[in-house]
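Have a look at the fold, then read on.

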Amino acid sequence: MTTIPPAPRITVIGTGYLGATQAVCMAHLGFEVLAVDVDPGKIEALASGRLPFYEPGLDTLLVDTLATGRLRFSTDFDDAAAFGDVHFVCVGTPQSSGSDAADLRYVDAAFGELARRITGRALLVGKSTVPVGTADRLAAMVREMSPAGDALELAWNPEFLREGYAVDDTLRPDRLVFGVTSAWAERMLREVFAPLVADGVPVVVADPATAELVKVAANSFLATKISFINAMAEVCEAAGADVSLLAKALSYDDRIGGRFLKPGLGFGGGCLPKDIRAFRARAEELGVSAAVTFLHEVDQINLRRRSRTVDLVRELADGELQGVRVAALGAAFKPDSDDVRDAPALDVARLLYLEGASVVVYDPQANANAHRAYPDLDYASSLAEAVNGADVVVLLTEWAEFVSADPEDMGVLVAHRRIVDGRSALDVENYRAAGWEYRALGRPAEVGVTRS
C-alpha cells in the first residue's frame with residue numbers, strides 16, 4: 001500500500017492585507033494554517049472573525065475558515081517555527097524615510113525571527129515585493145542563523161493581488177511564479193498550490209532574482225500604461241482633443257488593448273507608487289539606472305494629474321477656491337477598498353483645502369482612515385450630505401454609488417450644478433442634459449454652458 005504523505009503545514013508571517021488574505025485562502029483550500037503577527041490587536045481581531053481592513057468577500061471567508069479549525073492566529077514565533085513546513089513571509093516593504101528605496105527592516109526581521117528558531121528542514125517563502133537580490137541575501141542570512149543550516153531553504157513567490165479582488169486573485173490567479181534554487185523547493189511549492197495547479201493555473205519556475213523582478217516589472221508596466229494615457233490627456237487639453245475617444249480608438253489595437261488605458265486621476269495606493277520608486281533606486285545601485293529613467297516621468301505624470309484636477313475645480317469656481325464648498329466624492333485610492341495610502345483622491349481634497357476651499361469628503365468605506373490621515377477635512381456620512389449645498393462636486397474615486405447616482409437628484413441638493421469627473425466614469429451626456437457643467441481631465445469643456 002502506498003502511503004500518502006501529509007499535506008505541508010503552512011505559516012503566514014504578517015497579517016496585513018496580503019498576509020491575512022493568504023492565510024484565509026490557504027485554509028480555505030484545505031491546509032492547516034497558522035498566521036503570526038507582532039500586533040496583538042490585529043491577531044485578536046482576526047481570531048474573532050473581524051477583518052482590520054475592508055476587502056469584499058474576505059470577511060465571510062475568514063469566518064467560514066475559522067469554523068473549520070484549520071486556521072489559527074498567534075503572536076508566537078516559537079509556535080510558528082515548530083508548526084510550519086512552509087512559511088510564507090508577507091510583511092510590508094514601505095518606502096524608506098528620506099529615500100525612494102524600499103525599507104526592508106520588516107522583511108529582514110521576519111526571516112530572522114523564523115530562521116533562528118527552525119531546527120529542521122523547512123521552506124521559507126517570500127511574498128513581499130522586494131528589490132532584486134534580496135532573496136539571495138536572505139538565503140545566506142538564514143542559513144547562517146538557523147540551527148538547521150542548509151536544511152532551511154528559501155524561495156520567492158511574488159503576489160499579484162488587486163485590492164477589491166484579493167480573494168479571487170488568490171484562489172484563481174492568472175499565474176504562479178516560483179523562484180527556487182532546488183527541485184525540493186519547487187516540489188514543496190507545487191504541493192502547497194496543488195489545488196490551483198490542478199485547475200490549470202500556469203506555473204512559471206524561475207530563479208529567485210527573476211521571480212523578484214516579475215512583480216516590480218509588472219507594476220512598472222501597469223504604471224507606465226496608466227501614465228501614458230494621462231500624458232495623452234495633457235496633450236489633448238492643449239490641442240482641444242478628447243482623450244476618452246483617443247483611448248477608445250487605441251483600445252481596438254490588439255497590440256495595445258484597453259485594460260488600464262483609462263484617463264483620469266491616476267494611480268495610488270500602497271504598491272504602484274512606492275514600487276516604481278524602489279525599482280529605480282535598486283537599478284541605480286546595480287549601475288543600470290538609465291534603463292528605468294522613464295519611470296521618473298511615469299511618476300511625475302501621475303502626480304501632475306492631481307494638481308490638474310484642482311485646476312479644473314478652480315476653473316469651475318470662477319478662478320477662486322477661497323470659501324468655495326467642494327463635495328469630494330471618494331478618499332480611497334480605488335473603489336472596493338478602504339486604503340488611503342498615497343490616494344490621489346485624498347491628495348486632491350487636501351490641495352483644495354490648502355487653497356481655502358471648504359471641502360466635505362465622503363467615501364463609503366474609507367472615511368475613518370481618511371480622517372486619521374487628514375483630520376482637518378470635513379467628512380460626511382452619506383452622498384446626499386456631502387453634496388448638499390456644494391458649489392462644485394468632484395468625483396475622485398469611482399465607487400458604484402457615485403457612478404450610478406442620478407444627476408437630477410443630486411442637482412436638487414447642490415448650490416451649483418458643476419462637476420469635475422476625475423475618473424472619466426460618469427455619463428457626460430446625462431449630466432449635461434440635467435444642466436450640469438461637466439469637466440474631465442483631457443476632455444474639452446462644453447461651449448456655451450449656462451451656469452445654474
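## Before we start

Helices here are DSSP runs of H or I with at least four residues, numbered from the N terminus. By that naming, R306 lies in helix α13, which covers residues 294-316. Keep in mind that this is a predicted model.

## A sheet of six strands

Let's begin with an open sheet built from six strands, in the order β11-β10-β9-β12-β13-β14, with parallel pairing. The edges belong to β11 (378-379) and β14 (437-440); each has a single partner strand, so one side of each has no neighbour in the sheet.

Now for the inner strands. Strand β9 (residues 325-329) pairs in the parallel sense with strand β10 (residues 358-362), over five bridges. Here A328 sits opposite V361 of β10. β9 also runs parallel to β12, joined to that strand by four bridges, and A327 is the residue that stands opposite V393 in β12. On goes the chain of partners: three bridges link β12 to strand β13 (residues 418-421), again parallel, and V393 has I419 as its bridge partner in β13.

What about the side chains of β12? V392 and V394 point one way, V393 and L395 point the other way, and all are buried.

## Helix α14 and its cover

Helix α14 spans residues 344-354, and its buried residues are P344, A345, L346, D347, V348, A349 and L352. What covers them? The cover includes α13, α15 (367-373) and the strands β9, β10, β11 and β12 (392-395). Just after α14 comes G356, with a positive phi of about 100 degrees.

Is R306 buried or exposed? The cut-off for buried is under 20% relative accessible area, and R306 counts as buried because its relative accessibility is 3%. Leaving out residues up to four places away in sequence, R306 touches L265, F267, G268, D342, A343, P344, D347, V348 and L351. Two of the names on that list, P344 and D347, are also among the buried residues of α14.

G268, another name on the R306 list, has its place in the loop between α11 and α12. With a relative accessibility of 7%, G268 counts as buried. Apart from residues within four places in sequence, G268 is in contact with P273, R306, F333, R341, D342 and P344. How far apart are G268 and A332? They are 64 residues apart in sequence and 9.1 Å apart in space, C-alpha to C-alpha.

## F260, in the loop between α11 and α12

F260 is found in the loop between α11 (243-251) and α12. This residue is partly exposed, with a relative accessible area of 38%. Setting aside neighbours within four places in sequence, F260 is in contact with L222, K225 and I226. From F260 to E437 there are 177 residues in sequence and 27 Å in space, C-alpha to C-alpha.

On one hand, β4 pairs with strand β1 (residues 10-13) in the parallel sense over four bridges, where T11 has H87 as its bridge partner in β4.

On the other, β4 pairs with strand β5 (residues 122-126), also in the parallel sense and over four bridges. In that pairing, V89 has G126 of β5 as its bridge partner. Between these strands comes a helix: β4, helix α5 (residues 105-115) and β5 make a right-handed β-α-β unit.

## A cavity

How many cavities of 30 Å³ or more turn up in a search of the whole structure? The search finds one. The largest cavity holds about 90 Å³ of space. It is lined by 14 residues, and the closest to its centre are V130, P131, V216, A278 and F279.

Which elements give two or more residues to this lining? They are α10 (208-239) and α12 (272-285), and α12 gives the most, with five residues. Sorted by class, the lining has eight nonpolar, two polar and four charged residues.

Notes:
Residues numbered from 1 in each chain as written. Predicted model: local features only at pLDDT ≥ 70, side-chain atom pairs only at ≥ 80, totals over all residues. Heavy atoms only, no water. 1 Å grid on protein atoms, 1.4 Å probe; cavity = no way out; pocket = protein on both sides within 12 Å on 5 of 7 lines; lining within 4 Å. Points joined across faces, edges and corners; volume = space filled by probe spheres on them. Nonpolar A, V, L, I, M, F, W, Y, C, P; charged D, E, K, R; others polar. Pairing = 2+ DSSP bridges. Right-handed = clockwise from strand over helix to strand, strands pointing away. Buried < 20%, exposed > 50% of the residue type's maximum accessible area, 1.4 Å probe, protein only. Contact = heavy atoms within 4.5 Å.
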